[in-house]
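Let's walk through this one together, a question at a time. Have a look at the fold before reading on.

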Amino acid sequence: MLVVDAKTLKLHQVIGTNKGPHHIKSFTDSNGNDRIIVETQGAATLLLDPNDDNRVVFEIGPAKLYGQAYQVDADPAGENLYIDLVLGSRGIASEIEGVVAKVSLATGRVTYIPNIGMYPNGFAFTSDGKFTYVADSSGDRVYKIDNATNIAIGSTQTGVAGPY
């Protein structure tokens, strides 16, 4: 992964990963620290500290999650990561129930939220942090998760399959 200085547009750093990064996004954690999420397909999701030369401060991978991460996002409070999991391989995603993993950044504890379509993909959070919405890539539904109970409390049809 290449890190480019936004002011000078010069290469600042090369960060090696086992597999290529797929999605990269930033957030501020619950302690006010800037963090960068690096999703690598089929390998670990990394959290980097951009204020400490992009040092890895947290890592979670398929062995602990029991599945491949596809999309990862932090909740509005910066306390948890929400990870769309593909169980098995992408080729059979439409045959297996989708799951979201909610990972506490304070403890590393993983809570699994089942019944999220067949291939969960992407998150939207309410501004108060009470609910999370997840699209199903294999179907035509959006699921609503109650973040206090970690239960999918409903879904609605979108009219078209997938989030794209």
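A pocket here is an open set of grid points with protein on both sides within 12 Å along at least five of seven lines, and a residue lines it if it has an atom within 4 Å of a point. Keep in mind that this is a predicted model.

Q: What is the volume of the largest pocket, and which strands each supply at least two residues of its lining?
A: The lining includes Met1, Leu2, Val3, Ile36 and Val38. The computed volume is about 240 Å³.

Q: Which residues touch the most other members of the largest nonpolar core?
A: This core has 16 residues. Strands β6 (55–60), β7 (68–74), β8 (80–86) and β9 (99–104) each give it two or more. The top residues are Ile60, Leu65, Leu81, Ile83 and Val103.

Q: Which residue in β13 stands opposite Thr132?
A: Start with β12 (residues 131–136), which pairs in the antiparallel sense with β11 (residues 120–125) over 4 bridges. β12 also pairs with β13 (residues 141–146), again antiparallel, over 5 bridges. β12 and β13 form a hairpin with 4 residues between them. Across from Thr132 sits Ile145.

Conventions
Residues numbered from 1 in each chain as written. Predicted model: local features only at pLDDT ≥ 70, side-chain atom pairs only at ≥ 80, totals over all residues. Heavy atoms only, no water. Core = buried A, V, L, I, M, F, W, Y, C linked by side-chain atoms within 4.5 Å. Buried < 20%, exposed > 50% of the residue type's maximum accessible area, 1.4 Å probe, protein only. 1 Å grid on protein atoms, 1.4 Å probe; cavity = no way out; pocket = protein on both sides within 12 Å on 5 of 7 lines; lining within 4 Å. Points joined across faces, edges and corners; volume = space filled by probe spheres on them. Pairing = 2+ DSSP bridges.
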